[in-house]
Amino acid sequence: MDSISVLHIDLFQPGKNPSDFYFNTMKDHLVSSHKHIEKPHRHDFYVTVLFTKGKGTHEIDFQKYDVSEGSLFFLSPGQVHSWELSDDTDGYIFFFSQEFYDMHYVNQHLRNFPFFNSVVFSRKLQLETADLKKAVMVCKEIENEYHSQNLMKEELMLSLITKMYINSARQFSKDYNTLNSSASVSYFKHYQDFENLLEKYFTIQKSISHYASLMDISPKHLNRITQTIVQKTATEVITERVMLEAKRMLMYLNESLVEIAFRLGYEEYSYFVRVFRKSSGITPTQFIKKYKS
């Protein structure tokens with residue numbers, strides 16, 4: 001069984017000098033890149049997609065989102081995604097490497113934005129008419145710069161991209177209703193610390209007390225933080241991160257289920273299956289049949 005392909009930016013720019021930034025309308029992108037994106041795939045870059053027309057579904061890390069006018073999506077490197085879109089789909093898509101952004105911003109980091117920081121946060125923002133118009137205007141400005149030879153064009157494109165991300169982060173804060181008060185800002189910073197630690201240790205540590213100890217807070221307070229920010233217990237956040245990695249491994253590692261369970265820190269395969277079934281509603285074997293058929 002073939003593994004999920006990892007796509008690089010230069011695949012989308014035939015005949016051009018390799019670049020760390022790509023921009024296109026969705027209509028043209030779907031035509032020119034069809035052979036690369038018709039199946040589930042991953043990227044090694046950050047992706048932003050704004051739909052201005054069409055309908056369909058967009059699946060990101062095995063979660064399905066509806067697509068309609070005003071749907072704005074954010075993808076981080078490594079995420080698996082695919083979509084089924086109507087023939088009249090249009091909008092804008094741009095993507096860039098980590099280095100492209102970091103070379104121009106010293107104090108601002110992509111992971112400061114909630115939709116790029118956390119695997120728990122939704123990767124979709126549904127824009128209302130007024131906000132959609134603003135986002136389209138920004139995309140058109142980026143498009144004009146992308147096709148120009150203007151002085152400091154990359155700097156201007158990055159400032160426009162950051163403007164869109166800041167506006168989106170503000171909209172997310174309204175939707176979650178958790179990031180506005182000073183207390184909630186503090187909680188979100190703690191939540192980011194928790195997820196950063198989780199990324200380092202989730203294959204070997206699944207105990208709330210372990211992460212709480214590293215953060216110098218009590219397990220009870222860690223639970224309070226996660227429930228405030230993402231309305232889930234710390235245990236649920238840990239389990240969801242492990243199960244996401246399990247799904248990714250099941251999709252693109254040619255290893256046995258027992259080996260994958262062991263990689264994820266489960267010495268008993270039967271326990272891994274129980275956790276997976278409770279989290280996903282299906283067994284690992286059923287998951288493989290569903291996504292690799």
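**Legends to close-up views of the predicted model**

**View 1. K232 and E240 form a salt bridge, with their closest N and O atoms 2.8 Å apart.** A salt bridge is defined here as a Lys or Arg side-chain nitrogen within 4 Å of an Asp or Glu carboxyl oxygen. K232 is partly exposed, at 22% relative accessibility, and E240 is likewise partly exposed, at 33% (buried, under 20% relative accessible area; exposed, over 50%; partly exposed, in between; 1.4 Å probe, protein chains only). The model is a predicted one, in which local features need pLDDT of at least 70 and side-chain atom pairs count only at pLDDT 80 or more, whereas totals for chains, interfaces and linings use all residues. Residues are numbered from 1 along each chain as its sequence is written, and side-chain values use heavy atoms, leaving out hydrogens and water.

**View 2. E255 and R263 meet through their side chains in a salt bridge of 2.8 Å, N to O.** E255 is partly exposed, with a relative accessible area of 27%. R263 is also partly exposed, at 44%.

**View 3. A network of salt bridges links D61, E199, R241, E245 and R248.** Within this view, the side chains of R248 and D61 form a salt bridge of 2.7 Å, N to O. This pair links distant parts of the chain, 187 residues apart: R248 belongs to helix α10 (residues 234-252), and D61 to the loop between β5 (56-60) and β6 (63-67). Helices (H or I, at least four residues) and strands (E, at least two) are DSSP runs numbered from the N terminus. R248 is buried, at 10% relative accessible area, and so is D61, at 12%. The count of salt bridges comes to seven.

**View 4. Five strands make up an open, antiparallel sheet in the order β2-β9-β4-β7-β10.** The edge strands β2 (21-25) and β10 (124-126) each have a single partner strand, so one side of each lacks a neighbour in the sheet. From one strand to the next, the twist averages 10°. Strand β7 (residues 71-75) runs antiparallel to β10 and is joined to β10 by three bridges (strands pair if DSSP finds at least two bridges between them). S71 has Q126 in β10 as its bridge partner. Helix α5 (residues 129-146) packs on the sheet and touches β2, β4 (46-53) and β9 (90-96), its direction making about 120° with that of β2. Contact means heavy atoms within 4.5 Å; axes are lines fitted to C-alpha atoms, for helices over the stretch in contact, with angles from 0 to 180 degrees between N-to-C directions.

**View 5. F45 and F95 are a stacked aromatic pair.** The whole structure holds 35 aromatic pairs (Phe, Tyr or Trp rings, the six-membered one for Trp, with centres within 6.5 Å; stacked, planes under 30 degrees apart; edge-to-face, over 60; tilted, the rest). The F45 and F95 rings are stacked because their centres lie 4.4 Å apart and their planes meet at 25°. F45 sits in the loop between β3 (41-43) and β4, and F95 in strand β9, so the pair ties together parts 50 residues apart in sequence. F45 is buried, at 1% relative accessible area, as is F95, at 2%.

**View 6. F113 and Y165 form an edge-to-face aromatic pair, 5.4 Å from centre to centre and with 65° between the planes.** F113, in the loop between α3 (98-102) and α4 (114-117), is 52 residues from Y165 in helix α6. Both F113 and Y165 are buried.
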